[in-house]
Amino acid sequence: MSARLTVATAGRVLRQVRHDPRTIALLVVVPCVLLGLLAWIYDNTPVFDQLGAPLLGIFPFIVMFLVTSVATLRERQSGTLERLLAMPLGKGDLIAGYALAFGVLAAVQALVAAGFAVYVLGLDVAGSAWLLVLVAVVDAVLGTALGLFVSAFARSEFQAVQFLPAFILPQFLLCGLLTPRENLPDVLNAASDVLPLSYAVDAMRSVTVDADATGEVSRDLLVVLCFVVAALALGAGTLRRRTP
Amino acid sequence: MMKNVGTAPAIAVRDLKVVRGGRTVIPGLDVTVGRGQVVGLLGPSGCGKTTLMRAIVGVQQVAGGTVEVFGEPAGGAPLRRRVGYVTQDPSVYDDLTVTENLRYFASVVGVRRRDLDAEVQRVVAQVVLGDHAKVRVDQLSGGQRSRVSLAAALVGTPELLVLDEPTVGLDPVLRRDLWTIFHRLADDGVTLLVSSHVMDEASRCDRLLLMRAGVLLADDTLPGVLESTGQQDVESAFLTLVDRASQNLPAGQRDPHDMLESDFQREAHR
């Protein structure tokens with residue numbers, strides 16, 4: 001792997017996004033609109049304070065998953081992936097470049113969404129608001145890493161979009177948002193223990209309820225980062241220089 | 001095996017066998033290409049030209065045989081800087097400008113940051129796209145797009161260029177200009193393997209490889225091909241070679257109509 005090639009690749013991906021202002025607008029605005037809607041639905045109840053933070057992590061996760069899987073699928077279908085793999089570019093450089101570029105976008109998205117939730121919608125955060133942003137960024141990077149990995153199994157945009165309900169919704173149902181994970185039936189509880197989104201949501205929740213949760217949060221974040229690294233490594237493994 | 005990396009031919013293919021989707025596309029092919037030549041790979045669509053080129057670049061899974069480029073196994077890491085490949089469909093980023101595309105590909109092949117601008121200007125001028133350097137690729141015509149794709153293979157000055165139908169759909173003036181570029185590159189020592197399904201491009205090549213149904217029918221210069229077949233043009237020479245090849249096959253193995261039929265099926269399949 002080479003830092004120069006990773007940065008060059010990330011720069012190229014960001015340049016592509018820059019030529020598509022509508023995508024940038026959607027990336028930044030949609031999570032804020034959804035959070036605003038949620039706050040409005042649960043106006044004058046404590047529910048927004050309970051759900052707001054986990055969703056602040058989940059929205060960027062879902063959006064980045066979708067954007068990344070479609071972007072990498074396009075790279076495969078346009079023939080540019082084949083060209084790049086015939087050039088002196090490492091698989092790790094490509095995957096890390098994508099992760100870096102979408103990580104930057106995720107950071108922008110998370111900053112705006114967290115700022116909006118805390119300062120405009122009045123989300124109660126017991127811990128540090130910066131920690132909230134950090135967790136949201138890591139959650140978004142997790143979405144990027146999983147999107148990079150599963151896009152290898154999509155042969156068309158139709159399939160890539162179908163991977164959202166197939167890979168993400170089960171994690172959403174089991175992550176503890178609908179019902180606390182410890183109340184789940186044993187089998188489902190065990191399943192939720194091995195799904196990355198559970199740890200992402202746990203971390204978000206800890207930041208909001210506990211002013212002094214840095215230890216717990218960093219443990220959960222570490223687990224999420226392990227999933228990120230594993231998904232990126234698997235994603236690099238799915239790239240083949242020689243194809244049938 | 002002794003390696004003659006310094007003097008090895010640009011391309012050495014031995015007994016190459018490629019199977020795609022359970023069907024044998026190349027049954028066993030031998031070819032050697034010397035350095036500094038413009039070699040035309042001519043044959044109908046579906047005859048295995050692209051598969052052979054992909055094997056030479058090292059992106060094709062092969063079922064047998066060896067492919068060496070400059071004496072090293074095709075597709076190996078040291079070769080990726082020395083070989084430029086242009087796929088049939090332009091493989092560049094539609095949502096970037098010409099310059100942005102070329103800057104990225106130039107940095108991938110290792111052009112240093114301070115040399116990027118000069119390198120991009122050089123290849124843009126080579127494919128005559130100077131007026132469109134700041135234009136997004138999705139706003140260019142098909143022919144302009146394929147020239148961007150060609151320019152992306154020229155960055156970093158590769159020693160072997162593998163070009164899959166680079167002149168399809170271009171206007172005759174541009175086609176002539178591109179062939180002039182190809183020969184200028186060959187004069188500088190670059191080896192070019194250029195495929196085409198248009199037989200009249202044969203006259204532009206130093207050497208011809210005529211291919212059909214995964215088999216090389218001829219490996220000769222244009223005058224050589226015409227002389228050995230007693231024909232006046234490549235198209236007729238090609239037909240003569242096809243007839244000869246089918247007569248040489250053992251009886252009952254494959255008649256010309258079968259071969260034609262499978263050609264059409266392949267066409268329909270594409």
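**Labels and their grounds**

Tutor: This is a predicted model. In the hairpin of β4(B) and β5(B), 2 residues lie between the strands, and B:Phe70 takes a positive phi near 50°.

Student: What else does β4(B) pair with, and in which sense?

Tutor: Strand β4 (residues 64-69) of chain B pairs with strand β1 (residues 11-20) of chain B in the antiparallel sense, over 5 bridges. There, B:Arg14 stands opposite B:Thr66.

Student: Why are β6 and β10 of chain B called edge strands?

Tutor: The open sheet has 6 strands in the order β6-β7-β8-β3-β9-β10 (chain B), with mixed pairing. β6 (83-86) and β10 (215-220) of chain B each pair on one side only. Neighbouring strands of this sheet are turned by 15° against each other on average, direction ignored.

Student: Which strands of the sheet pair in the parallel sense?

Tutor: One such pair is strand β7 (residues 160-164) and strand β8 (residues 191-196) of chain B, with 5 bridges. B:Leu160 has B:Thr191 as its bridge partner in β8(B). Helix α4 (residues 142-154) of chain B packs on the sheet and touches β6 and β7 of chain B; its direction makes about 170° with that of β6(B).

Student: Which helix lies across β3, β6, β7, β8 and β9 of chain B?

Tutor: Helix α1 (residues 49-57) of chain B does, running at about 155° to β7(B). Leaving aside neighbours within four places in sequence, B:Ile56 is in contact with B:Ile11, B:Val67, B:Val69, B:Ala74, B:Val162 and B:Leu193.

Student: What makes B:Ile56 stand out in the largest nonpolar core?

Tutor: That core has 155 residues, and A:Leu56 and B:Ile56 touch the most other members. Helix α6 (residues 129-150) of chain A gives the most to the core, with 15 residues. Nonpolar side chains in soluble globular proteins tend to be buried together.

Student: Why is α2(B) described as largely enclosed?

Tutor: A residue is buried if 20 or more other C-beta atoms lie within 10 Å of its own. Of the 11 residues of α2(B), 10 are buried, so the helix is largely enclosed by the rest of the structure. Among them are B:Glu100, B:Arg103 and B:Phe105. The cover includes α1 and α4 (80-85) of chain A together with α3 (116-126) and α4 of chain B. After α2(B) comes B:Gly110, with a positive phi near 100°.

Student: How many residues of each chain are in contact with the other chain?

Tutor: 24 residues of chain B are in contact with 22 residues of chain A. Helix α2 (residues 98-108) of chain B supplies the largest share of the chain B side, 4 residues. By class, that side has 9 nonpolar, 8 polar and 7 charged residues.

Student: How do you know what confidence chain A has, and where is it lowest?

Tutor: Chain A averages a pLDDT of 90, and 100% of the residues score at least 70. In chain A, confidence is lowest in helix α3 (residues 47-77), at a mean of 88, and highest in helix α1 (residues 3-18), at 95.

Methods: Residues are numbered from 1 along each chain as its sequence is written. Chains are lettered from A and ligands numbered from 1 in the order in which they are written. This is a predicted model: local features need pLDDT of at least 70, side-chain atom pairs count only at pLDDT 80 or more; totals for chains, interfaces and linings use all residues. Two residues are in contact if their C-beta atoms, placed from the backbone, lie within 7 Å. Ala, Val, Leu, Ile, Met, Phe, Trp, Tyr, Cys and Pro count as nonpolar, Asp, Glu, Lys and Arg as charged, and the others, Gly among them, as polar. pLDDT is the predictor's confidence in each residue, from 0 to 100. Two strands pair if DSSP finds at least two bridges between them. Axes are lines fitted to C-alpha atoms, for helices over the stretch in contact, and angles run from 0 to 180 degrees between N-to-C directions. A nonpolar core is a set of buried Ala, Val, Leu, Ile, Met, Phe, Trp, Tyr and Cys residues joined through C-beta atoms within 7 Å. A residue is buried if 20 or more other C-beta atoms lie within 10 Å of its own, exposed if 12 or fewer, and partly exposed in between; C-beta atoms are placed from the backbone.
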